[in-house]
Amino acid sequence: MTGTALAGATLLPGIVVLAGCLFPASPSAAAPPYVEVLQAPPSPLERGKAIFLQSCAGCHGEEGRGDGAAAPYLFPKPRDFSRGAFKLTSTPNGSLPTDEDLFRTVTNGMPGSAMPSWELLPENDRWAVVGHVKSLTRFFDEEEGKWVNYYDLGRDTTPVPIPPPPPRTTESVARGKIAFRRAACWKCHGEEGRGDGPSAPTLKDDWGWPIEPRDYTAGIFKGGDDPVELFKRVTIGMNGTPMPSHDSALTPTQRWDVVHYLQSITRPGAQERARQIRRTILARRVLPSPAWDEPAAPEWEGLPGTYVALMPLWWRSDRIEGLLVRAAHDGQSILLQVTWEDRTRNAQAVRTEEFRDALAVQFALKPNAPFFAMGALGEDVNLWLWKADREGGPDAYPDVQTTYPNVAVMDYPETADWKPGERDAAKRPVRGMGARLAPGWAAGNPVSNPEAASPVENLAAHGFSTLSPLPSVSTRVRGRGVHDRGVWSVVFRRDLGRGEAGEAPLLPGQRVPVAFAAWDGSAGDRNGQKSITIWHDLEIAW
């Protein structure tokens, strides 16, 4: 604001007032000039930078160099925009993308990586992000002593012409399989297109990172499975990767034949199931009943579920595709049921080679949600973390004594009558000792509390590596999980209300941003190796 602040005044953006209208001047005073009381709205470039810092810098870094805080946990690695090499373009290999190319990637994301769709942003905001990304595509000219943007060098950004797609036929698929073979695509992508060709283990991108060729049978493509987009990738290749252009190696007809062959071997529906689309999860009012605390109760089947897609931060084909979420409230508590397919039950994490199954529900504390990966500095999130190895109460926890019997002795006064291997709850040494000789318990660590009544922890975070318990309210969230015939079902319950310090407000009539994360113990998931969703909306009905 310029000029004198106007106490108690409410003004609309862009309105200016005469200072004398509010503060009359003396008769001898000169007429005051117009005073602008509000700054002009930010330019599109400023708006794009603000959105980028909030939503994109966590992976791509503040300067867009692919070095954000999340980058070490991601595979494939985030794009370094400063190099001017973009994977998904409509321009010749090695050329800069058009604005439309960048907008398409921001909107759709890149399935097959940790780059989500940002379709939830208004269209003008996505275009603003495109403008900011282009401003980061630059290098420092040592001779000139200044930054130079690649877009200012006059590079050609004319899209490659795309002939109309012909109909897919049995013959075109057969021709495409032959063209796939003759163009040596099998060397990287494998004889059957499964990404297991002889060259696959040796491939690296232009920055030296290992890169995996696409498993076409999985049905997920970074640029989408639209035939035109597939034709672009076969024709242009992917900048910065070993995927070359086939513009000269194959005729346009042969390239369309290859597209038809790839479509014939892909898993139907996989691309759609991988799309990160912001969805609304409606918590309907239900009658109170103990059944809602049972993860597999038939009452849950009577509520419609909402599918939310998961994306592994370290991408792999064998993964949990998504979660089915149901929500309800009985006027007193909010209840969430989450189910997903997991063929193996991993409920022990004592040995170094063991990892547990787990699920987290994350809530933003305000409508304008921060970065969806655990919040940001000054912008806390509330998380409910369920762990499979905590099911059954504290006396059922797999521990060192049961995993490695008779290899450890606790020599404390309270354990004089206890023998290694005993599982009688009344004789558990840690209960006899109390918190004074169990530092984790004494410090308020809920994981160390032998009296914990629930396998769910109530936590807070404000960015990576900031996860901490909410000891004063740790018992307000309860939950239970059941694994039955290859499916996990987990139920969470918390009292409705604004919540205590660090908790998300959950009230009827409100919409709360919510996100999810899942760990598959059989795949070695732990800590930052997990699958996550974008923000969705939990709408709590009256």
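Helix H6 (residues 170-182) packs against helix H9 (residues 252-265) with the two axes 7 Å apart and at an angle of about 100°, where helices are DSSP runs of H or I with at least four residues, strands are E runs of at least two, and both are numbered from the N terminus. The axes are lines fitted to C-alpha atoms, for helices over the stretch in contact, and the angle between N-to-C directions can run from 0 to 180 degrees. H6 is therefore roughly perpendicular to H9, a label that covers 65 to 115 degrees, whereas angles under 35 count as roughly parallel, those over 145 as roughly antiparallel and the rest as oblique.

This is a predicted model, in which local features need pLDDT of at least 70 and side-chain atom pairs count only at pLDDT 80 or more, while totals for chains, interfaces and linings use all residues. Residues are numbered from 1 along each chain as its sequence is written, and side-chain values use heavy atoms, with hydrogens and water left out.

On the H6 side, the residues in contact (heavy atoms within 4.5 Å) are Ser172, Val173, Arg175, Gly176, Lys177, Ala179 and Phe180, and they meet Gln254, Asp257, Val258, His260, Tyr261, Leu262 and Ser264 in H9.

Turning to charged pairs, the structure holds 30 salt bridges, each defined as a side-chain nitrogen of Lys or Arg within 4 Å of a carboxyl oxygen of Asp or Glu. One of them joins the side chains of Asp125 and Arg47 at 3.0 Å, N to O; because Asp125 lies in helix H5 (residues 123-136) and Arg47 in helix H2 (residues 44-55), this pair ties together parts that are 78 residues apart in sequence. Asp125 counts as buried at 11% relative accessibility, whereas Arg47, at 38%, counts as partly exposed; buried means under 20% relative accessible area, exposed over 50% and partly exposed in between, with a 1.4 Å probe and protein chains only.

A further salt bridge links the side chains of Glu301 and Arg326 at 3.6 Å, N to O, and it connects distant parts of the chain, with Glu301 in helix H11 (residues 298-301) and Arg326 in strand S10 (residues 322-329), 25 residues apart. Here Glu301 is exposed, with a relative accessible area of 57%, while Arg326 is buried at 7%.

The side chains of Glu379 and Lys366 also meet in a salt bridge, at 3.9 Å, N to O. Finally, salt bridges that share partners join Asp101, Arg104, Glu229, Lys232 and Arg233 into one network.
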